[in-house]
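Biologist: Can you put the model up? I would like to go through it piece by piece.

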Amino acid sequence: MARNLRHFHLRDLGKAHPFQAKGGGGQKRPSDVLDRAAHAQALLQAIDALPNTQQTDIPGVYLEVTSRPNERLKKDSLDASDLTLLRFEDGSHSGTNQERATVFATAKGIEKLRKKVDQFENENTPDRVKDGEIVPGRPKNADLVQSVAAITEAGLRALWRSPSNKFPEGRGPANWEIWLEPNEVDNFTENAPKFGLAIGEERLHFPEDVVVIAHGTPEVLGYAIRRLGGVRAMAAPTVTADFFDGMDVQEQAQWVDELLQRTEFPLHPNPGYVTLMDTGVSRAHPLIDPALAAADRHAANPAWSLDDVKGHGTQMAGLALFGDLTPNLHQANPITVVNRLESVKLLPDAGVNPHHLLGAVTRNAVNIVEQTHPRRRTFTMTTTTGEDSPHDGAPTSWSSELDQLAAGVSGAVDTPRLILVSAGNTDNFTFGAGDYLNKCDHEDNEIESPAQAWNALTIGAYTEKTLLPEGEIASPLAPFGDLSPASRTASWSSTWPLKPDIVLEGGNWASSAVPPPMRHGWLSLLSTHHNYPLRSFTFTYDTSAATALAAKGISELWSEYPQLWPETVRGLYVSSARWTPQMLSHLPAEPNKGHYATLFQRYGYGVPDLSRARRSASNALTLIVEDTITPYGLSEKTGGDIHNEMKLFTLPWPVEQLRSLGNAEVTLRVTLSTFIAPNPSEASRGSKYRYASHNLRFKLNRADENAQRFMARISKLAEQPEGPPSAEDDLWDFGSNRRDVGSLHIDQLTCRASDLARRNLVAVHPVSGWRKSKALLQGELPTFRYALIVEIDAEELQAELFSEVQTAVDALVAAQAVVAV
């Protein structure tokens, strides 16, 4: 009888109806003494007690197979088709005289094991002749079945490959190193959070394994492994930056050489560039030299040197190419670096830039870099100022210049630009006792200028680094998956953009009984040192490190889709972000729209997922529209300014597939990204409608709303942008108060698939902006670019959404080609 999954607890693992062979006492029993039928029946009972993979919808069962005393397990038979041998103990090191094997068995594997035991009980091998005498046949599969004393469902310890004393004690959450089957990585990492298990962003790649860090209780981990499979082993996490930073000069150089030998910098006709606006970058480091040409180093002031004296820019360069070096050094697989670097020194070697010239220096840096041939650049700036604080989200001269540069209305080259900026860092010496988040959320720790810029992609920091050395008296300040204590937050109202946009790894602080909390090597990232060969590695952290990591991901994404606009790449990357389980734990059990405000102010849209941004799987699809709109015009009747144009899209929905899903729920996520031209005049500082050249909104039709009624409703709403929220807001997770700010709007809703099949109209429409002025519209009417990204996620539903949409899109493209001819 199959065990009921709902009543199976972690403490049961490894104790599911074991059978022990009769006899014992440490003495090996001859096979003819063994009660054949009783032994077989006991093993069959043990197999029957295992979870039924068909009734419980699990991919297989982890088995712990124990030998009879002084018997040798037949390992080959436990590593056959549909049976995978994961771990083996010969018993010598544990002081026992029994061997133990951990095996993953699929449903077919369990049936094959059952068949072998049944054959052992009821069938013999053919008789044979030896030395002229007939030798009776033996029970089939005797070598395997006779050696087995017990078959049970394995517990977590059966997968543990580290010393037993390092297994986490108690029921509380802990970090776990999970070794995964490469083909099962996506399934495990995407679905484990649904069971409450947090999965870290870093990956270690080995020839037959991929290693991730998970965070959760033993009970949650056991349940996730049981339901998902794919786990080959577990261990205590040991990957820290401190190990490499503590080496002497020669050892560090050897590790650099080893990493360089398995790193490829492939040639590309049009590579993506991470343009670091920082303290300069040192080309002396072997890990940087292949990606940074001598001619690609510049300075905002021609009088400045090009070398990195302070070291910060070289740290950012290493992260932009490799990410955190710690996992890269630990793994053994080849590494491919597709990004290239440009460096423009934005900060002088001594002193600081005058505050009133910060915008001008940034513009000069952009102009100097763009004097070279056109490139696909991800401008990355990790310097901010506190001299504009408190600004409460309102524009400053520096943030306004950043908006102008991104929109392409400033700079020597008239082109939109993708610009990343760090959110700014907190001061650890201001932290005392109590919840660190209360300090981070305080208005004194608001995001520093120019990170409030509408068009810039603002990067905050979270952390998964919570491992400290054994015996350390301090403890990590931030829990796994929560805000890095170094990260500033947005305390302002909904008038100004949601900031930061996203968060990436920025390290953690160690907290002891006596404040303040301090940085710690084990809680830091590892990057390249500017004084190579004197030093190869250095610690790095904070929102600067997070911003460099974001630049790496965005540049790689853009290299895969080089035809996309900067507005589109920004939208795709941010739309891929999700809040971690730890972030979501700050919400009440049944959150309303207002409860999300704290999450947006701390984490933006959460942690981006590059793989999610890259792909449309068979049960998830992404539609991207790049278009222009002329939002404002002059009335022929009155001569006054009016809303001129609305864009309506009939989405090529997979109607048949959605209808077939019926009442099953699917999630729709919509992103609208545009770059506004700013107007930071004093009169504009209190109004989002007067700061931005144009403001765009998106709307989705209701399930019972045809195109005519939908357009009539949108036209009315567009004329009253500051009116009460529409009834449609009830369906969206975040709502218009949080969504309709800044120049990047993202929201999602979950509804029945059959309803979504009828919601196939999306409108992009304007509301007021400073370009909607009769005086300014007398000449040519302004036209602006925007990107619309629509994603359907059917989650676990195996609906072939993509293929149906692809057919519809191909038909549309063919029809447009006919019209064009």
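Biologist: What is the mean pLDDT of the protein chain?

Modeller: This is a predicted model, in which local features need pLDDT of at least 70 and side-chain atom pairs count only at pLDDT 80 or more, while totals for chains, interfaces and linings use all residues. Residues are numbered from 1 along each chain as its sequence is written, and side-chain values use heavy atoms, with hydrogens and water left out. The mean pLDDT of the protein chain is 87, where pLDDT is the predictor's confidence in each residue, from 0 to 100. Of the residues, 90% reach 70 or more.

Biologist: Where is the pLDDT below 50?

Modeller: Residues 1–32 are below 50. That stretch still has 70 contacts in the model beyond near neighbours in sequence, a contact being heavy atoms within 4.5 Å. Residues 816–821 also stay under 50, and there the model has 0 contacts beyond four places in sequence. Where pLDDT is low, the predicted coordinates should not be read in detail.

Biologist: On to the sheet. In what order do the 4 strands come?

Modeller: The order is β2-β3-β1-β6, in an open sheet with antiparallel pairing. Strands are DSSP runs of E with at least two residues, helices are runs of H or I with at least four, and both are numbered from the N terminus. Two strands pair if DSSP finds at least two bridges between them.

Biologist: Which strands are at the edges?

Modeller: β2 (83–89) and β6 (148–153), each of which pairs on one side only. On average, neighbouring strands of this sheet are turned by 25° against each other, direction ignored.

Biologist: How many bridges join β1 to β6?

Modeller: There are 5 between β6 and β1 (residues 61–67), and the two strands run antiparallel. As an example, Val65 has Ile151 in β6 as its bridge partner.

Biologist: Which strands does α3 lie across?

Modeller: α3 lies across β1, β2, β3 (100–105) and β6, and runs at about 125° to β3. Axes are lines fitted to C-alpha atoms, for helices over the stretch in contact, and angles run from 0 to 180 degrees between N-to-C directions.

Biologist: And how do α1 and α3 cross?

Modeller: The axes of α1 (residues 36–48) and α3 (residues 107–122) come within 9 Å and cross at roughly 165°. The two helices are therefore roughly antiparallel; angles under 35 degrees count as roughly parallel, over 145 as roughly antiparallel, 65 to 115 as roughly perpendicular and the rest as oblique. Their crossing is left-handed: the near helix is turned anticlockwise from the far one by less than a right angle, and clockwise would be right-handed. Among the residues in contact are Leu43, Leu44 and Ile47 of α1 and Leu113 and Val117 of α3.

Biologist: What about α11 and α12, parallel or antiparallel?

Modeller: Roughly parallel, therefore, since α11 (residues 358–369) and α12 (residues 397–407) pack at an angle of about 25°. Their axes are 8 Å apart, and the crossing is right-handed. The contact includes Val366 of α11 and Trp398 of α12.

Biologist: Last pair. How far apart are the axes of α9 and α14?

Modeller: The axes of α9 (residues 312–322) and α14 (residues 542–560) are 7 Å apart, at an angle of about 40°. That makes α9 oblique to α14. The crossing is right-handed. Met316 and Leu319 of α9 are among the residues that meet α14, whose side includes Ala545 and Leu549.
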